[in-house]
Each structure stands twice: as structure tokens, then as C-alpha cells.
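Student: Can we go through how some helices pack here? Keep it brisk.

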Amino acid sequence: MENRILKIHFRLVTTNDSNMEHQTPSLEDWHDIDWKSVNSLVTKLRFRIFTCCKSKNYKKAKQVQRLMLKSKANLLQSIRRVTQINSGKGTAGLDKDVRLNPKQRMELFHELVGSDLIKWQPWPVRRVYIPKPDGKKRPLGIPTIKDRVWQNVVKNALEPEWEAKFESSSYGFRPNRSYDDALNRIYVGLNKKTRLWIVDTDISGCFDNIDHTYLLETLKDFPGVYMIERWLKAGIMYEGIWSEANGTPQGGIISPLLCNIALHGMEKEVKVELSPDGYVKGTRIFIRYADDFVILCTSFNEAVLALEDAKIALAKRGLQISEVKSKISHL
């Protein structure tokens, strides 16, 4: 085991911010990587972005986000996630490349570490369809392996900023949150029996219909917004035919985060009233899990008005309610 001494070393380079670390790994083999150090560096950068945004120091947050986008530790972690951890690691995009063995992962790192992210041109996603329980098919867009890696790199820089901004009523596709948390929030909201009417909704084709202009305007201050725009505009390839992509095709690593960003603000727009410490003080409660949400109301008329407010809020984002799957019902 002594021959398996970890050979990756991180040389700390002093930047304008004496507290910030910029890492330069020197490694020879995938198995020699000290993943504890890699994950620690990425976690520290993510936490710095989060705390800067939480304290509204957005200028400093942008500096740390730029470091994250250039971070070799972030790139290594992203390659590992895409090629080893994610369930779709064996599914190839248009390039038919998966890079599943350690030598290929190491080659991928050396190839991408020398790439200029600013000049990177994404490939179109490969369109596939998977069956749904109701007999219909769900469309997925599979990016190339390199685009998936870069998407994870960008996600690590973008997600902490929005975790500092997201509403507490949002539960889907977020760190340390699950559908169990959403169900518990619904239970608590209904427990006092003061809100007996429920607006149960589903957004029709949410991922594939998010308005690009609205999303990019929301992200305009993010240092890597140019990459997100290119992914959105790269298009879809199905049976050899290219077509323009609407929304953010479901299947990309960054797509769930972009969906949450697009739907951010819904709680305020459906007129949920909150106290300064974050507790609901009005007649409505809003709970969202990804593209599904419920609004708890005190009366049927209130529920009808809440549904109309939701439709108006979604229309701004290029989205609409699924009339088939949405309903107003009594507890």
C-alpha cells in the first residue's frame, strides 16, 4: 500500500484575496488522486460563494465564482461525477463517448484542463424518449460527455448563489432537500384545518418550454452565463435532424437547477404573505417540488384566484398549467 502514496499535491497560489486558494494539481494517474482534498477545495469555494451572496456581497461572490469556473479541483470532481457517480454515466451523447475507465478519465482531464471555457462550443443534445407510467413518453436530451462535465463545473459555481436566494417553499432538486420535506410541509400547512382548499397543479412540459429570454435575463450577472446561453441554443438532434431547442432539455446536469431558477419568485407572485422572520401570515401557502406545486387556501374562491395568479406568473416564463393534471379540491 505504500506504493499507493497519493501523488496529487495542491500548491496554494496567493491571489488578490489572501483567503482564497487557487489549486494547481500535478498528477499522473486517476487512482492517485486525493479525492478528500479535491472535494474539500470545491466545498470551500461553494461555501464562500454562498456566504458572499447571503451577505449580499455580490462583487466578491462573482470573484469566487470565476475561481470556481477555472478550478482544476472542480474539473476533477465534475469528471468523476459524470463518469463514475451519475446513473447516466454509460449513456453517450452525439459523440458516442463515455470515458468509463480510469485512463480515459485522466486523458479527459488533461484535454479539458487546457481548453478555454470562454471559447467552448457545445454540441447539440441527443434526443431520446423514455416511457412514462401512463403510456406516454418523456423526452430527454443527452449532452456529450464533455458538455456534461462543463455543465457540472458551471453548476458548482451557480448553485451556491441561488441556494442563498431560493425560497424556503422550494424543495425539488436542491441539496439536502427531498420530496419527504415537501410532504411534511404540506402536512404542517394542513394540520390546523384553517386551509381546507388545495390548488394541485402540474406545469405542462416545464423543462422544454422555459422562455430563454426570461431565464438569461435572470442570470445576466453570472460570470458563466455565456456558457448557459450556448447550451440553450445548441439545439436537439433526433434521427439525424437538428431542431432548435426550447427551454432547457431534461437530461442535462444543469437543467434541474435552471428550472428552479426560472420558477424562483413564484411564492411572491401567487401572493403568499410572509412575516419578516419567514413565517406565513396570509391566507395562502405555496409548496413547490421542481415543476409541481400546491397552493393551500382558506376558501374555494381564494383557491380560484390563486390558480389565476399562478397562471399569470407562469406565462411570464413561457409556461402554462396542465389543465388535465391540475385541479382544485377540498381537503
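Tutor: A crossing is left-handed if the near helix is turned anticlockwise from the far one by less than a right angle, and right-handed if clockwise. Helices are DSSP runs (H or I, at least four residues), numbered from the N terminus. This is a predicted model: local features need pLDDT of at least 70, side-chain atom pairs count only at pLDDT 80 or more, and totals for chains, interfaces and linings use all residues. Residues are numbered from 1 along each chain as its sequence is written, and side-chain values use heavy atoms, leaving out hydrogens and water.

Student: Which hand is the crossing of H1 and H5?

Tutor: Right-handed. The axes of H1 (residues 35–54) and H5 (residues 145–163) come within 7 Å and cross at roughly 35 degrees. Axes are lines fitted to C-alpha atoms, for helices over the stretch in contact, and angles run from 0 to 180 degrees between N-to-C directions.

Student: Which residues of H1 meet H5?

Tutor: Val42, Arg46, Ile49, Phe50 and Cys53. Contact means heavy atoms within 4.5 Å.

Student: New topic. What angle do H5 and H10 make?

Tutor: About 30 degrees, with the axes 11 Å apart. H5 is therefore roughly parallel to H10 (angles under 35 degrees count as such). The crossing of H5 and H10 is left-handed.

Student: And which residues are buried in H9?

Tutor: Val225, Met227, Ile228, Trp231 and Leu232. Buried means under 20% relative accessible area (1.4 Å probe, protein chains only).

Student: What do the buried residues of H9 pack against?

Tutor: H5, H8 (212–218) and H10.

Student: What follows H9?

Tutor: Gly235, with a positive phi near 90 degrees.

Notes. Helices (H or I, at least four residues) and strands (E, at least two) are DSSP runs, numbered from the N terminus. Angles under 35 degrees count as roughly parallel, over 145 as roughly antiparallel, 65 to 115 as roughly perpendicular and the rest as oblique. Buried means under 20% relative accessible area, exposed over 50%, partly exposed in between (1.4 Å probe, protein chains only).
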